[in-house]
Amino acid sequence: MDKKFEPLFEKVTLPNKVELRNRFVLAPLTHVSSNDDGTISDVEINYMEQRSKDVGLAVSAASNVTDLGKAFPGQPSVAHDSDLDGLKRLAEAMKKNGAKAIVQIHHGGAQSLPYLTPNGDVAAPSPITLQSFDEKEEHHAREITHEEIEQTITAFGEATRRVIEAGFDGVEIHGANHYLIQQFVSPYYNRRDDEWGENRLKFPIKVVDEVVNTVNAYADEKFIVGYRFSPEEAETP
C-alpha cells in the first residue's frame, strides 16, 4: 500500500474519547428502502450491514423526526416509539463488524413531499414554492407556526431518545442541504420578521440544545453528537 494512504487506517479519537478503528466513514445514503410507514425493512438491514462492514463510523440515511418532515420515499423514521423495533435491528447490523453506528436526524421542511406527509401538508420557515426530489411539478410550503417550531425542536429530542434506546452510538443533526434546519439559517428560505427570523441561528441552536440535553438525560459521555453543515448555498440572498 502507498504510504500516503496509511493514515486512513489509523485509529482516531473523538472529542468525547470514543475511538474509531479507522478514518473511513459511511456517509448517510438516501437508499429509499425503508417500509412505506418509515419502519426499517429487511432490504435496508442487509444494505446497511454490508456498507458498514469496514468503516470506523457509519451514518444511517436521513431519518425524519416528524411525519410532516418526510422528504423521500422509503425514508426511515425516528418519529414514533413504534419505530424502535426496526431501529434496534438496524443498530445491531451497522455495529456488527465494529463500526460506530450513527443516525442522521432530519426534517425536510420546504423539501418535504406532499404525497408523503399527512394531508399533503408542507411547512417551511417562510412560504415558498419549489420542486423537490422526485417531483415532476412544484409544490407550495406554508409558513410553519410558532407552536409547530417548538414541537419540532422537541421532536429532535424525542428522536434522539429513540436512537439511544435503540442502541446506536450517536446522532448527526442534519443542518445542511436545504432542509429545515438550514432553511432557518438561510436568508433565502427564512424571511420571517419574528424572533425566528430576526435571529436565524435561534432554531438550530435550540435543536442542538434539545439534543444535547436529551443525551445528558438518557446516555453517557460516549454517545456521539455531530452536526452536518452546508458551507454555501446557490440561492440569492
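**Entry 1: the model**

I am working with a predicted model.

**Entry 2: strand S10**

I looked up S10, which covers residues 170–175. Is S10 enclosed or open to the outside? Six of its six residues are buried, so S10 is largely enclosed by the rest of the structure.

Next I checked which way the residues point. In a regular strand, side chains alternate between the two faces of the sheet. In S10, Gly170, Glu172 and His174 point one way. Val171, Ile173 and Gly175 point the other way. Residues on both sides are buried.

**Entry 3: the partners of S10**

Which strands pair with S10? I found S6, residues 100–106, joined to S10 by four bridges. S6 and S10 run parallel. I noted two facing pairs here. Val103 stands opposite Val171 in S10. Gln104 stands opposite Glu172 in S10.

I also found S11, residues 224–229. Six bridges join S10 to S11, and these two strands run parallel as well. Glu172 stands opposite Gly226 in S11.

**Entry 4: strand S6**

I moved on to S6. Six of its seven residues are buried, so S6 is largely enclosed by the rest of the structure.

I then looked for other partners of S6. S4, residues 57–59, pairs with S6 in the parallel sense over three bridges. Within that pairing, Leu57 has Lys100 of S6 as its bridge partner. S5 is joined to S6 by two bridges, and they too run parallel. There, Asn64 has His106 of S6 as its bridge partner.

**Entry 5: salt bridges**

How many salt bridges does the structure hold? I read off 13. I looked at three of them.

I took Asp81 and Arg162 first. Their side chains meet in a salt bridge at 2.8 Å, N to O. The pair links distant parts of the chain, 81 residues apart. Asp81 sits in the loop between strand S5 (63–64) and helix H2 (84–95). Arg162 sits in helix H3, residues 146–166. Is Arg162 buried or exposed? Arg162 has 7% relative accessibility, so it counts as buried. Asp81 is partly exposed, with a relative accessible area of 43%.

Then I took Arg142 and Asp121. Their closest N and O atoms are 2.8 Å apart, and they form a salt bridge. This pair also links distant parts of the chain, 21 residues apart. Arg142 is in strand S9, residues 139–143. Asp121 is in the loop between S6 and strand S7 (123–124). Arg142 is partly exposed at 25% relative accessibility. Asp121 is partly exposed at 24%.

Glu158 is partly exposed, with a relative accessible area of 30%. Arg161 is buried, at 10%. I then found a network: salt bridges that share partners join Asp81, Glu158, Arg161, Arg162 and Glu165.

**Entry 6: the largest pocket**

How much space lies in the largest pocket? I noted about 170 Å³. This pocket is lined by 13 residues. The closest to its centre are Leu57, Val59, Ile102, Glu172 and Gly226. Several were already in my notes. Leu57 is the bridge partner of Lys100, and Glu172 stands opposite Gly226.

Which strands supply the lining? S3 (25–26), S4, S10 and S11 each supply at least two residues. S11 gives the most, with three residues.

The lining has 11 nonpolar residues, one polar and one charged.

**Entry 7: what I keep**

Glu172 links my entries. Glu172 is a buried residue of S10. Glu172 is also among the residues closest to the centre of the largest pocket.

Conventions:
Residues numbered from 1 in each chain as written. Predicted model: local features only at pLDDT ≥ 70, side-chain atom pairs only at ≥ 80, totals over all residues. Heavy atoms only, no water. Buried < 20%, exposed > 50% of the residue type's maximum accessible area, 1.4 Å probe, protein only. Pairing = 2+ DSSP bridges. Salt bridge = Lys/Arg side-chain N within 4 Å of Asp/Glu carboxyl O. 1 Å grid on protein atoms, 1.4 Å probe; cavity = no way out; pocket = protein on both sides within 12 Å on 5 of 7 lines; lining within 4 Å. Points joined across faces, edges and corners; volume = space filled by probe spheres on them. Nonpolar A, V, L, I, M, F, W, Y, C, P; charged D, E, K, R; others polar.
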